[in-house]
Amino acid sequence: MRLRSLALVTALTLIAAPVGAASRPKATRPTTTTPTAKPKPNSPTTTVATKASLLRVALAFPPRAGLSVYSDDAFLLSRLGVTETLVRANASGDTQPQLATSWEQITPTTWQFSLRPGVSFHDGSPMDSAAVANAINKSATSSTPPRALRGTGMVVKAIDPLTIEVSTTKADSLVALRLSSPGSAILSTSAYKSAVPSPIGNATGIYSIDKYTPDQRIELKANTKHWDRPPSIGLVEARLIADPAARVAALRAGEIDLAEGVPAAQLDTVRKDANLKVLIYDLPRTTAIYLNHSQAPFNSLPARMAIDKAIDRNALATSLLEGAALPAAGYFGPAVAWDPDVVVPKVDLGEAKRLADKANFPKKIRLWTYPARAELPELAIAIKDMLGKADIDVEITVAEYGTLEPDVLGGRYDMFLLSRSYTVDVPDPAAYLASDFTCTGSYNLNRYCDKRFDNDVLGLATQSTRSARVRTFVAAAQDLDLNVTGVPILHDRARIAHSQRLTGLVADPLEQRLVTSELRIAQ
Amino acid sequence: MIRPRPSVERIGFRRLIVTLPLGVVALSLLAFNLPLLAGIDPATATLRARYSDPNPDPAIVASLRGELGLDDHALVRFGRFLLRALQGDFGLSYTSRLPVGSAAWRALSVSAQMVVVTVALASLVGVALGMVAAMQRGPLGRIASAISAAGASLPPHVMGPLCVLIFGIWLRFVPTGGWGSVRQMILPVVVLAAGPIASIAEVTRTEMLNALPQSFIRTARSKGLGPSGVARHAFAVSRLGVLSIAATNLAGLLSGAVLVETIFSLPGLGNFIVTAVRNGDVPALQCGLFVVGSISLVVGSLADAAAVFADPRLRHTAR
């Protein structure tokens, strides 16, 4: 019996031992006070990590492709301040220098970029034109190139150590914007020795990756030799917590300082916590009910208008989502400065009923959506209820996107509730308008087709003036609105909750910046 | 001529030699075909996982199909898969292009640590509660029964968030999630153990209540054996049931603890398989299914062997 007990205790100890051994090194605890940085000379604005202060961040989306920049992991790396691009852009498409100091379009298909002198990668090697050309050429020719570079035939040549020439197969006015996409991040030549380019030690950002524990955390340390502003926070621990409730719980328990993607249902709880704050800002993303124009009943304008008139967007935004979204008037929202500023349609149930009668709706209309975005099934139920009040009977199906997609793309559906970004990688919606609303668009779910609209949108390819492009976007948005091409209902908003100790958080609608030099954390 | 009855060791050996390889082949077929039967196009799913892109470019999909070797005939791919799997190589993940074997091993080590501790805790607590409930007819027995009933009626998706709120957020006794320290193990293990504790306690109690009126217990009592000695004798009868439930839990919880893994952000095998399904990551899914199936086979065989050792009568019935 004693032997058995001893064996049991030994077994339990052996089981517990690896757990303890796998625990985080104490060096990353907040109590650590090892100096990690020296003041950067010749830079009056430099802020320096004088001690190893620690920022703990909970990320909503863990790396999916081993931190490859040929994937959406590029956004994660950019948000954590690990990678940088030649150009920085905002959601409205305004550009600023970053690793490039200036650029110029030499011919319709050629651009020249001057690189910033004195930039080095985390491993200490200098960033020169050869490294930049290698990085962009490798991205552009990879088997799954970043969306911003796809189909451009982009080739980069080193002209001199600090100048590159970028050429494209067709005239392209968006080259600078394309090179602001996180997928165009500049990594040193040694990053490409493996099949998956590794950003560890090979990027230029304000933080370098110290340790990556897959599925658990990424530990970062400040790049004290950064060309611009080394961060004041010495260490960052990015925990990968996919479950939104678990992120909020960790924040409320004081285990992390910042949690992104706070679910709408928990916004109120977080707001009531005296130790926490919430940052909400507009995203270039719209949730809309896509309507199948290729078959009855939505091939008739009254049917589409009936849906439009029956939806109470304000109730969905304020009551159901507790302010986590804004009511939408069109596909483009306040995240872009040139938002057409259309008035949100008011609910008119009488008119909706009249139009529904006129449109001769079938007994049941199908509304499909998918659960990957938690709020969509809830919205579908509220929409069914609202349409029911206008005597439009709805049958909801919630299934994985991949299951629904063949039928949606094939035009075998009635209504599809979808949330979609209009400026994913390049802060310019030309590609979005072309794929989603032109007759030959590969993602034209509404199956909308108007030759005049197509001419305007496809004409953007040769339109280089920003103001002219914006005029076309606004006109396109108005066309879609007039024809009730789907029913945009909400503009999504980012919800970041953080500890009161944390200041300097910057709202970035493009979701490319989160951990920045501006952040400060009180000890 | 009467054939001699085979020994227990021989039976166990035969099971390992015959059952395991057959099981492995069946698992290989299942692991290979399941993603295909689910109608997942791995190239499209991979691109969606890499880029959150609902509408991947068909040219890129075609190029990726070539890179992943998906244009080869299914038989060729199965042969390749089987050959590699037998060497312990499950290839590279479609999404990350990193070896799935090492990723599955990491996930398995998390799940294994959690599940072994859970089953050990559940066995200790469950047996103790069951014995108390059977032996004590007073308030103590009723309390033991109530505790096991509570464990059975509180599913992980209710108990998990409740424990996080009380012990993680309000009292801050333990971390709300994550993996890497013994403290982080406490809540998931307790939540995961609640169900098995209840079932083990119930089996122990029922078996002991059946055993207590039997003659060998009366004899033991008449020889002056105290309550603890009587309990030990009566429990000897219920060991088989407890062992069987513990083994079932051990195998089931390895991949079936997805809810608890999600609530506590644990990078375990359940999450590994669910993510593989969601991303259409066929090599990761095949590896996950293979690992889970193999462990179930091994644990099942070990449980059979342990049952024979626990109850010598089975040596004469096992075939």
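Colleague: How many helices and strands does the secondary structure of chain A come to, and how are such elements assigned?

Modeller: Helices (H or I, at least four residues) and strands (E, at least two) are DSSP runs, numbered from the N terminus. In chain A the secondary structure comes to 14 helices and 19 strands. The radius of gyration of chain A is 25 Å, close to the 24 Å that the globule rule gives for 523 residues, so chain A is as compact as a globular protein of that length; that radius is taken over C-alpha atoms, and the rule is 2.2 Å times the number of residues to the power 0.38. The C-alpha trace of chain A spans about 80 × 75 × 45 Å along its principal axes.

Colleague: What should I keep in mind about the model and its numbering?

Modeller: This is a predicted model, in which local features need pLDDT of at least 70 and side-chain atom pairs count only at pLDDT 80 or more, while totals for chains, interfaces and linings use all residues. Residues are numbered from 1 along each chain as its sequence is written, and chains are lettered from A and ligands numbered from 1 in the order in which they are written.

Colleague: What does the secondary structure of chain B come to, and what percentage of its residues is buried?

Modeller: Chain B comes to 13 helices and 0 strands. A residue is buried if 20 or more other C-beta atoms lie within 10 Å of its own, exposed if 12 or fewer, and partly exposed in between, with C-beta atoms placed from the backbone. Buried residues make up 43% of the 319 residues in chain B, and in chain A they make up 49% of the 523 residues.

Colleague: How should I read a helix that has a buried side, and which residues of H6(B) are buried?

Modeller: An α-helix has 3.6 residues a turn, so residues three or four places apart point the same way. In H6(B), the buried residues are Ala144(B), Ser145(B), Ser148(B) and Gly151(B). They cover an arc of only 120° around the axis, which puts them on the same side of H6(B), the arc being that of the directions from the helix axis to the C-beta atoms. On the other side of H6(B), Pro139(B) and Ser153(B) are exposed. The buried residues of H6(B) pack against helix H5 (100–135) and helix H8 (182–211) of chain B, where two residues are in contact if their C-beta atoms, placed from the backbone, lie within 7 Å.

Colleague: Where does the kink in H8(B) lie?

Modeller: The bend at a residue is the angle between axes fitted to the seven residues ending there and the seven starting there. In H8(B) a kink of about 35° lies at Ala194(B), shortly before the proline Pro196(B). H8(B) is also mostly covered, with 22 of its 30 residues buried.

Colleague: Which residues have the most contacts inside the largest nonpolar core?

Modeller: In soluble globular proteins, nonpolar side chains tend to be buried together. A nonpolar core is here a set of buried Ala, Val, Leu, Ile, Met, Phe, Trp, Tyr and Cys residues joined through C-beta atoms within 7 Å. The largest such core has 222 residues, and those with the most contacts inside it are Leu80(A), Val132(A), Val236(A), Ile289(A) and Ala306(A). H5(B) gives the most to this core, with 19 residues. Not counting residues up to four places away in sequence, Val132(A) touches Leu115(A), Met127(A), Val156(A), Ile164(A) and Ile186(A).

Colleague: How many residues does the contact take from chain A and from chain B?

Modeller: The contact takes 40 residues from chain A and 43 residues from chain B. On the side of chain A that touches chain B, the largest share, 6 residues, comes from H1(A).

Colleague: Which peptide bond is cis, and which phi values are positive in residues other than glycine?

Modeller: Most residues other than glycine have a negative phi, and most peptide bonds are trans. The bond from Ala296(A) to Pro297(A) is cis, with omega near 5°, and Pro297(A) is found in the loop between strand E12 (276–291) and helix H7 (301–310) of chain A. Glu322(A) has a positive phi near 50° and is partly exposed, with 16 other C-beta atoms within 10 Å. Arg447(A) has a positive phi of about 55°, and with 20 C-beta neighbours inside 10 Å it counts as buried.
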